[in-house]
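This report is meant for a reader who is meeting the structure for the first time. Please keep the sequence and the model in view while reading.

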There are 2 protein chains.
Amino acid sequence: MHIFVINSGSSSLKYQLFRWPQEQPLARGLVERIGLPDGQLTHTTLQPDGQEHTERHTLPIPDHRTGLEQAMRLLTDPATGVLQNPANVQLVGHRAVHGGEEFRQPTLVTPEVKARIRELFPLAPLHNPANLLGMEVAEQLFPQARQVAVFDTAFHSTLPPHAYRFALPEELYTRHGLRAYGFHGTSHQFVSRETLRYLGQPDARVITVHLGNGCSMAATVAGRAVDTSMGFGPMNGLVMGTRAGDTDQAVIFHLVEQLGYSLDDVKNLLNKESGMLGLTGHSDMRDITRLLNEGDPRARLAYDLYAHRIKKYLGSFLAVLNGADAVVFTGGVGENDALVRQLVCANLDFLGIQLDETENARRAPGIRDLSAAGSRVQVLVVPTNEELEIARLCAAVSLTA
Amino acid sequence: MHIFVINSGSSSLKYQLFRWPQEQPLARGLVERIGLPDGQLTHTTLQPDGQEHTERHTLPIPDHRTGLEQAMRLLTDPATGVLQNPANVQLVGHRAVHGGEEFRQPTLVTPEVKARIRELFPLAPLHNPANLLGMEVAEQLFPQARQVAVFDTAFHSTLPPHAYRFALPEELYTRHGLRAYGFHGTSHQFVSRETLRYLGQPDARVITVHLGNGCSMAATVAGRAVDTSMGFGPMNGLVMGTRAGDTDQAVIFHLVEQLGYSLDDVKNLLNKESGMLGLTGHSDMRDITRLLNEGDPRARLAYDLYAHRIKKYLGSFLAVLNGADAVVFTGGVGENDALVRQLVCANLDFLGIQLDETENARRAPGIRDLSAAGSRVQVLVVPTNEELEIARLCAAVSLTA
Ligand SMILES: Nc1ncnc2c1ncn2[C@@H]1O[C@H](COP(=O)(O)OP(=O)(O)O)[C@@H](O)[C@H]1O
Ligand SMILES: Nc1ncnc2c1ncn2[C@@H]1O[C@H](COP(=O)(O)OP(=O)(O)O)[C@@H](O)[C@H]1O
């Protein structure tokens with residue numbers, strides 16, 4: 001059978017098609033600028049020999065439905081397509097950002113589940129509506145398939161109260177759901193479990209460091225989350241591409257009261273104009289690396305800030321876990337940027353972390369051990385694969401449902 | 001000679017009188033509810049044999065000047081006063097909350113300095129005006145004395161940029177001063193330097209944990225700050241009596257957009273109705289201890305949250321410093337609450353911290369070592385004395401000015 005995975009955002013949509021149970025990716029793609037006149041569709045077909053063929057199309061994509069239809073056209077193209085018949089897709093897996101306290105497991109999409117996801121809109125006003133839209137479009141395009149929602153927050157549902165509660169009046173939690181939910185759960189789950197398998201230690205304490213455009217960390221024991229750097233929304237914690245991560249509530253009051261910002265301006269600033277972009281003018285780490293190599297002092301500061309923040313969360317999670325068996329870097333930056341890993345791990349031998357600088361500097365695919373001999377904590381790179389994890393979770397739900 | 005120390009807040013004023021250079025406290029007091037019909041003056045006279053005599057007065061105290069005049073009346077009372085003549089006060093030390101990036105040292109108060117403190121009002125709209133008022137009243141009451149301002153932020157002026165900068169657009173720092181300043185500097189300075197003396201190790205790495213009504217931590221090397229839990233204002237970081245400490249910026253947007261709070265409501269909530277008060281209905285730790293002993297589950301959660309936050313900052317500062325020679329508890333809670341210290345230090349042996357439970361549970365005055373044999377990091381209690389530190393700093397400025 002085939003599993004189709006959809007990650008539907010407000011103006012973009014990512015998808016991936018797997019042959020199952022072989023876990024074999026057949027194609028993946030990205031629809032961008034939905035609703036704008038110059039929509040973009042990037043579609044990649046994967047050959048069994050590892051070869052990739054990518055095509056790019058610019059065309060009007062008025063809505064998510066059109067976007068998915070265009071993707072299906074390429075997937076089922078008689079000459080170049082990898083899917084003979086849409087009816088071969090028996091499972092569609094959806095990334096859903098916010099499952100509140102209710103959705104702790106991947107869940108079969110039913111009318112009731114959709115109604116509950118709608119009730120959670122206030123907790124994720126940007127993400128959940130787009131996720132729901134993706135489910136509704138997919139129901140039309142794959143009427144024969146089962147739809148499964150995989151929640152970003154679910155992995156963190158095992159956090160203990162002292163980690164997820166804020167020091168706010170109790171009623172704001174009990175009546176209004178103000179607590180830390182955590183995000184990037186699918187990645188942290190995939191990476192922490194791959195790590196347990198790699199270590200051959202099912203009970204290991206693993207700290208996962210997900211560094212992509214969004215960045216977050218999780219402290220895990222035996223593959224279960226016990227703490228995370230992200231809170232109520234996906235904007236605090238680590239420094240990210242365009243998000244500030246941790247600042248100070250007083251900054252928000254100052255921007256409004258003293259500098260004349262509206263609250264919307266502030267939200268936009270903290271989400272879209274801050275982070276590495278705010279510090280250097282670039283959000284893509286490769287651009288910042290280039291600036292750094294040209295000797296740009298802003299790029300230097302940005303790297304230092306980015307790494308310092310990770311180092312601090314690393315220390316705090318080592319305290320939470322009373323040590324760790326492994327620290328694992330993942331995501332575009334975590335897997336590829338040796339300098340970030342080096343700055344984070346520098347001068348941590350007191351805490352049992354020692355990096356092998358040569359191994360760290362080498363580029364290689366797959367899971368890698370970067371620790372120096374004698375490091376009490378193993379330092380690993382484990383490539384993440386959120387789409388594969390979603391497909392696996394879907395397949396498991398489908399078996400038990 | 002005598003040194004008079006003033007800590008002037010918006011509706012309250014603390015003072016202490018020292019005989020110098022003996023560092024001998026003669027009297028201290030607190031004026032509360034300034035501007036309200038039922039002002040309160042609590043005045044304590046200290047005998048050389050350690051005996052204390054406290055008197056309480058309820059009377060109208062329309063303004064700070066009246067408050068200080070009432071205190072002077074008691075200090076110079078022919079029968080019970082400890083100060084024969086106000087002219088014997090040759091130095092007045094003022095706690096000043098916000099010195100911006102400019103005031104890195106205790107500073108003689110001149111018309112220019114007052115003008116600069118006024119220019120810093122936007123950075124500390126509640127505190128700096130009250131501090132300046134205290135200086136102006138003191139100039140009238142002690143026209144012969146030198147006035148010295150000791151800034152709460154000054155101790156943290158040694159933080160490196162990667163610790164004090166936020167991941168915000170550069171201009172918000174360069175033009176508008178948005179950065180972490182740090183607070184409780186006088187306490188962290190006093191305690192870290194007492195610790196160096198106690199250890200006999202002038203270069204030691206010391207983590208100071210100040211737990212009073214306000215709470216903050218500092219990472220120090222050789223008595224210089226390199227990181228702190230407080231940022232742009234004195235509300236983030238640790239859980240405090242009525243302040244939430246770290247939450248998530250998204251909480252603020254949610255309260256306003258979804259729950260109808262005004263931004264002023266939010267500020268009030270985070271500063272005055274959160275922290276231990278929000279969780280338990282009480283801000284005084286002794287009340288919460290009582291609830292806990294009665295088996296109250298809210299008090300249990302509040303303690304767990306309070307300690308978990310400290311533990312996380314402790315881990316992060318151990319990462320920043322690559323270990324520590326000592327962790328030092330101070331302030332009303334840090335000096336007296338054995339359970340907080342126990343919860344914070346539990347399960348930290350991987351990071352080199354082991355508490356001697358018996359020693360921790362014992363009550364005793366002065367500097368105390370609570371570490372178990374074999375603890376790589378010493379765990380100490382060092383009582384803070386912010387007024388004495390201000391007096392010392394004043395005396396030093398006066399000698400060099
Ligand atoms: N070779 C590389 N060196 C440094 N950074 C890289 C490299 N390759 C990718 N990245 C960075 O990874 C980030 C995107 O990560 P990714 O995990 O793909 O993001 P997403 O959060 O969208 O899943 C970008 O900032 C990109 O610059
Ligand atoms: N014996 C004690 N046990 C627990 N907490 C105590 C004890 N004594 C004082 N405290 C707490 O110390 C806090 C005040 O600390 P203090 O350092 O005096 O505050 P400030 O920040 O105003 O200087 C209060 O919460 C009080 O309950």
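## A glutamate in a helix, and how to read the model

B:E194 touches B:I367, B:V382 and B:R392, when residues up to four places away in sequence are not counted, and contact here means heavy atoms within 4.5 Å. B:E194 belongs to helix α6 of chain B, residues 185-199; helices (H or I, at least four residues) and strands (E, at least two) are DSSP runs, numbered from the N terminus. Is B:E194 buried or exposed? With a relative accessible area of 16%, B:E194 is buried, because buried means under 20% relative accessible area, whereas exposed means over 50% and partly exposed lies in between (1.4 Å probe, protein chains only).

This is a predicted model, in which local features need pLDDT of at least 70 and side-chain atom pairs count only at pLDDT 80 or more, while totals for chains, interfaces and linings use all residues. Residues are numbered from 1 along each chain as its sequence is written, chains are lettered from A and ligands numbered from 1 in the order in which they are written, and side-chain values use heavy atoms, with hydrogens and water left out.

## How the two chains are related

Chain B can be laid on chain A with an RMSD of 0.0 Å by a turn of 180° and a shift of 0.0 Å along the axis, the copies being superposed by least squares on the C-alpha atoms of residues with pLDDT of at least 70 in both. That is the relation of a two-fold axis. Of the interface residues of chain B, 100% are also interface residues in chain A, so the copies meet through the same surface.

## Strands of chain B

Strand β8 of chain B, residues 146-151, is mostly covered, since five of its six residues are buried. Strand β6 of chain B, residues 89-96, runs parallel to β8(B) and is joined to it by six bridges; two strands are said to pair if DSSP finds at least two bridges between them. In β8(B), B:F151 is the residue that stands opposite B:A96. Strand β7 of chain B, residues 107-108, runs antiparallel to β8(B), with two bridges between them, and B:L108 stands opposite B:V148 in β8(B).

Chain B also has an open sheet of six strands with mixed pairing, in the order β11-β10-β9-β12-β14-β13. Its edge strands are β11 (224-228) and β13 (368-369) of chain B, each of which pairs on one side only. Within chain B, strand β9 (residues 205-211) and strand β10 (residues 215-221) pair in the antiparallel sense over seven bridges, and B:V206 stands opposite B:T220 in β10(B).

## A hairpin in chain A

In chain A, strand β4 (residues 39-46) and strand β5 (residues 52-59) run antiparallel and are joined by eight bridges. The bridge partner of A:Q40 in β5(A) is A:T58. β4(A) and β5(A) form a hairpin with five residues between them, and A:G50 in the turn has a positive phi of about 95°.

Which residues come nearest to ligand 1? Of the 13 residues around ligand 1, these are A:N213, A:D284, A:M285, A:G332 and A:N336, where a residue is near a molecule or strand if one of its heavy atoms lies within 4 Å of it. A polar side-chain atom of A:N213 lies 2.9 Å from an oxygen atom of ligand 1, and a polar backbone atom of A:G332 is 2.9 Å from an oxygen atom of ligand 1. For A:V333, a polar backbone atom is 3.3 Å from an oxygen atom of the ligand.

Taken alone, ligand 1 exposes 580 Å², and the protein buries 74% of that; accessible areas come from the Shrake-Rupley method with a 1.4 Å probe, and for residues only the protein chains shown count as cover. The elements that give two or more residues to the shell around ligand 1 are α10 (285-293) and α12 (331-336) of chain A. With four residues, α12(A) gives the most to this shell.

## The surroundings of ligand 2

Ligand 2 is surrounded by 13 residues, of which the closest are B:N213, B:D284, B:M285, B:G332 and B:N336. An oxygen atom of ligand 2 lies 2.8 Å from a polar side-chain atom of B:N213, and a polar side-chain atom of B:D284 lies 2.2 Å from an oxygen atom of ligand 2. Four residues of α12(B) take part in the shell around ligand 2, and α12(B) gives the most to it.

How values were computed: A polar contact is a pair of N or O atoms within 3.5 Å; within protein, one must be able to donate a hydrogen and the other to accept it, and residues adjacent in sequence count only if both atoms are side-chain atoms.
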